[in-house]
Amino acid sequence: MSRAASETVALVTGSTDGLGRALAGRLAAMGLTVHLHGRSETKLEAARQEIVTATGNERVHTHVADFAKLAEVKRLADEIAALDALHLLVNNAGMGSGFPDSRERQESADGIELRFQVNYLASFVLSERLLPLLQRSAPARIVMVASRGQAAIDFDDPMLERSLYEGR
């Protein structure tokens with residue numbers, strides 16, 4: 001037996017712009033309870049207001065966390081883990097290379113190569129910490145979003161310390 005859309009709870013990371021924003025709006029239009037994630041409270045609130053206005057769905061909530069800081073990823077996981085259920089986790093947050101982002105190698109607040117942390121590690125940490133809630137909420141799904149711009153990880157140099165940094 002399938003669950004009604006109005007009973008389904010989703011978290012979409014990176015939902016203030018682009019694909020994440022469009023997906024969050026579509027899920028809200030379908031009647032789901034949608035939790036938006038972003039690193040800017042201002043952009044999150046603007047996205048929430050636009051989605052509520054467009055869909056009439058008031059069950060749209062915001063969560064601020066910068067994926068360049070693992071402590072904030074863990075705090076986000078704790079906030080979401082306090083919910084009664086989570087049926088859909090869409091790991092969409094990420095950053096690209098080049099402009100407007102820097103082409104220079106950067107490190108996160110945790111001393112990890114920035115794009116590796118934001119694009120890979122943060123989603124892994126979030127998913128792992130939310131796994132018990134997702135299992136209790138079954139049937140549930142985790143969706144990982146990637147782009148053509150992603151490059152394979154060099155497991156001999158995942159922090160890109162020895163190889164030439166290409167802005168991946």
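Of the chain's 168 residues, 43% count as buried. Keep in mind that this is a predicted model. The chain holds 4 helices and 5 strands, and reading along the sequence gives the pattern β-α-β-α-β-α-β-α-β. Among contacts with a separation of 6 or more, 70% come from residues 24 or more positions apart.

### The sheet

Let's start with the strands. In what order do the 5 strands form the open sheet? The order is β3-β2-β1-β4-β5, and the pairing is parallel. At the edges stand β3 (60-64) and β5, each with a single partner strand, so one side of each has no neighbour in the sheet. On average, neighbouring strands are turned by 15 degrees against each other, direction ignored.

### Strand β4 and its partners

Now for β4, which covers residues 88-91. On one side, β4 pairs with strand β1 (residues 9-12) in the parallel sense over 3 bridges, and here Leu 11 stands opposite Leu 89 of β4. There is also a parallel pairing of β4 with strand β5 (residues 141-144), this one over 4 bridges. In that pairing, Leu 88 has Arg 141 of β5 as its bridge partner.

Are the faces of β4 covered or open? Both are covered: Leu 88 and Val 90 are buried on one side, and Leu 89 and Asn 91 are buried on the other. As a reminder, side chains in a regular strand alternate between the two faces of the sheet.

Why does Ala 140 count as buried? Its relative accessibility is 19%, and the cut-off for buried is under 20%. Ala 140 and Leu 88 lie 52 residues apart in sequence, yet their C-alpha atoms are 5.7 Å apart in space. Setting aside neighbours within four places in sequence, Ala 140 is in contact with Leu 86, His 87 and Leu 134.

| Helices | Axis separation | Angle |
|---|---|---|
| α1 (residues 18-29) and α2 (residues 41-55) | within 9 Å | roughly 35 degrees |
| α3 (residues 70-81) and α4 (residues 114-136) | 10 Å | about 20 degrees |

Take α1 and α2 to begin with. Helix α1 passes α2 in a right-handed crossing. On the α1 side the contact is made by Arg 21, Ala 24, Gly 25, Ala 28 and Ala 29, and on the α2 side by Ala 47, Glu 50, Ile 51 and Thr 55. By class, that contact has 5 nonpolar, 2 polar and 2 charged residues.

Then there are α3 and α4. Angles under 35 degrees count as roughly parallel, and α3 and α4 are therefore roughly parallel to each other. Helix α3 passes α4 in a right-handed crossing. Residues making the contact include Leu 70, Val 73, Leu 76 and Ile 80 of α3, along with Leu 121, Val 125, Leu 126 and Leu 133 of α4. Charged residues take part too, among them Lys 74 and Asp 78 of α3 and Arg 129 and Arg 136 of α4. By class, the contact of α3 with α4 has 12 nonpolar, 1 polar and 4 charged residues.

Technical notes:
Residues are numbered from 1 along each chain as its sequence is written. This is a predicted model: local features need pLDDT of at least 70, side-chain atom pairs count only at pLDDT 80 or more; totals for chains, interfaces and linings use all residues. Side-chain values use heavy atoms; hydrogens and water are left out. Buried means under 20% relative accessible area, exposed over 50%, partly exposed in between (1.4 Å probe, protein chains only). Helices (H or I, at least four residues) and strands (E, at least two) are DSSP runs, numbered from the N terminus. Two strands pair if DSSP finds at least two bridges between them. Axes are lines fitted to C-alpha atoms, for helices over the stretch in contact, and angles run from 0 to 180 degrees between N-to-C directions. Angles under 35 degrees count as roughly parallel, over 145 as roughly antiparallel, 65 to 115 as roughly perpendicular and the rest as oblique. A crossing is left-handed if the near helix is turned anticlockwise from the far one by less than a right angle, and right-handed if clockwise. Contact means heavy atoms within 4.5 Å.
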